[in-house]
Amino acid sequence: MEIRDKKLYEKVRGTATFEMYCRERWDFSRQRAYQLIDAIAVKNNLSTCVDITVTEYQLRPLTKIPTEQQKEVWQKAPEGVVYLSIDGRFIWEMARIIAFY
């Protein structure tokens with residue numbers, strides 16, 4: 001986030017845009033960088049409830065709902081499933097249920 005927000009990519013890599021930096025340095029698109037940045041923001045928000053390794057794919061659905069609902073969605077995931085496998089589809093469904101009902 002800091003590299004993007006402070007435009008450090010201009011100083012560090014000499015690139016004109018964040019998109020060029022992502023392509024040259026990491027070999028992925030600007031969209032993918034934003035997905036990862038958003039997932040980190042969600043994980044930071046969930047820091048008191050996420051004590052396991054989670055993937056960006058698991059957190060991605062939570063980036064689409066208000067910050068205050070992210071913890072509620074995550075906490076409603078059945079505990080038994082958390083340690084086995086929560087995939088993104090499960091989180092999408094939980095987010096949909098909580099955010100729209």
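Contact here means heavy atoms within 4.5 Å. With that cut-off, among contacts in the protein chain between residues at least 6 apart in sequence, 39% join residues at least 24 apart. The structure is a predicted model, in which local features need pLDDT of at least 70 and side-chain atom pairs count only at pLDDT 80 or more, while totals for chains, interfaces and linings use all residues. Residues are numbered from 1 along each chain as its sequence is written, and side-chain values use heavy atoms, with hydrogens and water left out.

The secondary structure of the protein chain comes to eight helices and zero strands; helices (H or I, at least four residues) and strands (E, at least two) are DSSP runs numbered from the N terminus. Read from the N terminus on, the order of elements is α-α-α-α-α-α-α-α. Of the 101 residues of the chain, 34% count as buried. Buried means under 20% relative accessible area, exposed over 50%, and partly exposed in between (1.4 Å probe, protein chains only).

We turn next to the packing of two helices. Such a pair is described by the angle between the axes and the distance between them. The axes of helix 3 and helix 4 come within 8 Å and cross at roughly 90°, which means that helix 3 is roughly perpendicular to helix 4. Axes are lines fitted to C-alpha atoms, for helices over the stretch in contact, and angles run from 0 to 180 degrees between N-to-C directions. Angles under 35 degrees count as roughly parallel, over 145 as roughly antiparallel, 65 to 115 as roughly perpendicular and the rest as oblique. On the helix 3 side, Phe18, Glu19 and Cys22 meet Arg30, Ala33, Tyr34 and Ile37 of helix 4. By class, this contact has five nonpolar, no polar and two charged residues (Ala, Val, Leu, Ile, Met, Phe, Trp, Tyr, Cys and Pro count as nonpolar, Asp, Glu, Lys and Arg as charged, and the others, Gly among them, as polar).

The aromatic residues come next. A search of the whole structure finds four aromatic pairs. Rings of Phe, Tyr and Trp (its six-membered ring) pair if their centres lie within 6.5 Å; planes under 30 degrees apart count as stacked, over 60 as edge-to-face and the rest as tilted. Tyrosine 9 and tyrosine 21 form a tilted pair, 6.5 Å centre to centre with 35° between the planes. This pair links distant parts of the chain, with tyrosine 9 in helix 2 (residues 8-12) and tyrosine 21 in helix 3 (residues 18-26), 12 residues apart. Both tyrosine 9 and tyrosine 21 are buried. Phenylalanine 18 and tyrosine 21 form a stacked pair, at 6.3 Å centre to centre and 25° between the planes. These two residues are separated by about one helical turn, because they lie three residues apart in helix 3. Phenylalanine 18 has a relative accessible area of 10%, so it is buried, and tyrosine 21 is buried at 5%. Ring pairs link Tyr9, Phe18, Tyr21 and Tyr34 into a cluster.

Finally, two loop residues deserve a look at the backbone. Lysine 7, found in the loop between helix 1 (2-5) and helix 2, has a phi near 55°, a positive value in a residue other than glycine. Its relative accessibility is 44%, so lysine 7 counts as partly exposed. Aspartate 27 has a positive phi of about 60° although it is not a glycine, and its place is in the loop between helix 3 and helix 4 (30-45). Aspartate 27 is exposed, with a relative accessible area of 65%.
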